[in-house]
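Hi,

Here is the structure for you to look over. My notes follow below it.

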Amino acid sequence: MTIKKKLLLSNLGMIIVPILCFFLIEIVLGMMFFVFPNQEMEENSLRAFVNYRFLLMLLVIILTNAGLTYLVSRTIIGPVQQLGEAANQIKAGNLNQAVDTNYKGELGDLATSFEAMRKSLKDAQEKEAMYEQNRRELISSISHDLRTPVTSIKGYVQGVSDGVANTPEKLNRYMKTISQKTNELERMIDELFLFSKLDVEQVSLQYSSIDIDHFLRDIIEEWSFQYPEIIFDYQTGRITDLVSGDREQLYRVVSNILHNGWKYKGALPLHIAIFVEQVQDEIKIAITDNGIGIAEGALPGIFDPFYRSDYSRNSETGGSGLGLAIVKKIVEAHGGEVYAKSEMNLGTTIYFSIKAGEQHETSIDH
Ligand SMILES: Nc1ncnc2c1ncn2[C@@H]1O[C@H](COP(=O)(O)OP(=O)(O)OP(=O)(O)O)[C@@H](O)[C@H]1O
Ligand SMILES: [Mg+2]
């Protein structure tokens, strides 16, 4: 029942109950004093009748008021007190105490909103704790991943200055490795920079209309030129719409995926199959390689920042584990989704989608 109704009924009760009681008292006392009076009563019956009636009415009014006030306040004050207690708990930082929402009317609505607020505060607190934990892990991963190429650069430089590279061939090899490691370091720093910008939503996407078929053909042509060893297989389904997207960022998506194909290729010549089609208002792209594959246990983590499977950590492939995390951020900013399927020693497929047609928001979302 709403508070308004409760107050209305209690006020009515405070009027109706005394009126009814008045008639009742009137009848009972009337009977006692005037219909069946005893000797004593008869003598001063009228004064006594008036006095008794007054006292009884006073009692009735006091009891009705007290009773109804108690009843109404109990149903209002109880929940309010409980909410007050919960608010104090929240103030003290304890977000675990659930609020009873089994009330009706305004108090029920208030308790439900309060409980929803407590839950969202709790979620925010948990998220905050998770971010903090992630941040710590990120910092330790960054330090570790940056240290690895630096250590090997230092080793090779030391080798050169100690004269270990005593033939032109050796020197050449050392210098090549140093240059490779420096490039790797530079790439990692670039990725890190981009990822941190994407993470704090500082990259605004420059949307333009892209013919996805041309776009992919251009990338394949460029990659075939740069990596003639890769055998590309390109197929398209039905595509009717252009994609509205940031060309540079979408290029990064495809090239990060292709880079992985190259980095994690197996012993066989690398085949990369690209398939694109439009399904309703979505452009779906699948990029499949025949590389080493990803273990089932590692698959759920590959889009997390700094995630690298044990194999990649232990190998010489290098990298920071940001490639696919960047892919995910960019794809999601384009209103799409990304996921992977993989089988060990057979290969990996990365699927992603982008909304076709309409214009999107212009900044990268969390
Ligand atoms: N095509 C693939 N084949 C096999 N493993 C893959 C493939 N793509 C990704 N992985 C696994 O997923 C992990 C995460 O990939 P991601 O691209 O994010 O990082 P990375 O390649 O290790 O480093 P970076 O891309 O920053 O240079 C990789 O370390 C690798 O273990
Ligand atoms: Mg990568």
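The centres of domain 1 and domain 2 lie 90 Å apart, taken over C-alpha atoms. The domain assignment gives domain 1 (3-94), domain 2 (141-199) and domain 3 (207-355); such bounds come from an automatic or database assignment.

This is a predicted model: local features need pLDDT of at least 70, side-chain atom pairs count only at pLDDT 80 or more, and totals for chains, interfaces and linings use all residues. Residues are numbered from 1 along each chain as its sequence is written, chains are lettered from A and ligands numbered from 1 in the order written, and side-chain values use heavy atoms, without hydrogens and water.

Helix H1 covers residues 3-35. Helices (H or I, at least four residues) and strands (E, at least two) are DSSP runs, numbered from the N terminus. The expected span of a helix is 1.5 Å times one less than its number of residues. Buried residues of H1 include Lys6, Pro18 and Phe33. Buried means under 20% relative accessible area, exposed over 50%, partly exposed in between (1.4 Å probe, protein chains only).

Now the loops. Glutamine 280 sits between strands E4 (271-279) and E5 (282-289). Its phi is near 50°, positive in a non-glycine residue. Glutamine 280 is exposed, at 69% relative accessibility.

Asparagine 345 lies between E6 and strand E7 (347-355). Its phi is also positive, about 65°. Asparagine 345 is exposed, at 64%.

Glycine 335 is in the loop between helix H9 (323-333) and strand E6 (338-343). Glycine 335 is partly exposed, at 36%.

Best wishes
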